[in-house]
Amino acid sequence: MTETIARLRISLDDIEPEIWRIVDMPLTGSLRMLHDVIQAAMGWQDYHLWQFEAGDRLYGVPDPDWPYGDLAAARNVRLGALIERGIRDLTYTYDMGDDWRHTVTVESVGLGDPDIHYPRFVTGERRCPPEDVGGFPGFEMFLDAMANPSHEEHTHLRRWHGGPFNADDIDEQAITRGMAAIAKRRQVGKAAYARSQKSA
């Protein structure tokens with residue numbers, strides 16, 4: 001069965017040179033799935049809170065113990081529904097402390113390849129910052145220190161990071177594996193739903 005796919009560009013805000021990815025996402029996928037896709041594509045580790053801003057609404061994982069903000073459940077909102085409402089740009093914020101903001105732009109919508117399981121990674125450039133590096137100022141200092149062996153923080157940060165940091169290596173194999181895992185979970189879910197419909 002051929003699916004309708006949105007080609008999305010994900011860009012980490014306020015960083016030069018730009019850190020970006022392009023992915024193909026099924027319109028039937030939820031914003032919860034898009035969160036997983038962004039995590040896999042960018043190389044984040046999913047350690048922290050996150051939310052989407054789309055139009056005038058916020059989406060994430062509602063917490064009854066957190067009374068601030070009106071957060072709708074991301075798992076209940078399909079990407080296609082937002083596009084039908086004319087929304088072509090979303091803001092995705094990851095880690096409210098480091099405050100990593102991403103702009104997610106719908107570049108195109110069209111029929112996918114029936115032989116491909118979506119979502120999938122297309123291309124991108126530059127590695128995302130390490131988790132807990134301290135936001136944009138911390139990342140700038142981290143890059144300076146890692147690139148300069150005589151920097152006073154070089155040895156400490158190299159040990160903290162677990163080795164060298166190559167800003168140009170996005171680890172495409174890891175991204176592809178992460179995307180394949182999401183696509184596989186989706187295929188298993190679709191198959192289980194189809195079986196339940198037949199037995200109903």
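In this briefing, helices are DSSP runs of at least four residues, numbered from the N terminus. The model described here is predicted. H1 is followed by Gly 43, whose phi is positive, near 95°.

**Helix H1**
- Because 11 of its 12 residues are buried, H1 is largely enclosed by the rest of the structure.
- The buried residues of H1 include Leu 31, Leu 34, His 35 and Ile 38.
- The 12 residues of H1 should span 16 Å at 1.5 Å a residue, and the distance of 16 Å between its end C-alpha atoms agrees.
- Ser 30 caps the N-terminal end of H1, with a side-chain oxygen 3.2 Å from the backbone nitrogen of Arg 32.

**Nonpolar core**
- The largest nonpolar core holds 49 residues, of which Leu 8, Leu 31, Phe 52 and Tyr 59 touch the most other members.

**Strands**
- Strand S3 (residues 50–54) and strand S4 (residues 57–60) run antiparallel and are joined by 3 bridges.
- Across this pairing, Glu 53 stands opposite Leu 58 in S4.
- The hairpin of S3 and S4 has 2 residues between the strands, and Gly 55 takes a positive phi near 65° there.
- S4 also runs parallel to strand S5 (residues 71–73), to which 3 bridges join it.
- In that pairing, Gly 60 stands opposite Ala 73 in S5.

Key:
Residues are numbered from 1 along each chain as its sequence is written. This is a predicted model: local features need pLDDT of at least 70, side-chain atom pairs count only at pLDDT 80 or more; totals for chains, interfaces and linings use all residues. Side-chain values use heavy atoms; hydrogens and water are left out. A nonpolar core is a set of buried Ala, Val, Leu, Ile, Met, Phe, Trp, Tyr and Cys residues joined through side-chain atoms within 4.5 Å. Buried means under 20% relative accessible area, exposed over 50%, partly exposed in between (1.4 Å probe, protein chains only). Two strands pair if DSSP finds at least two bridges between them. The expected span of a helix is 1.5 Å times one less than its number of residues. A polar contact is a pair of N or O atoms within 3.5 Å; within protein, one must be able to donate a hydrogen and the other to accept it, and residues adjacent in sequence count only if both atoms are side-chain atoms.
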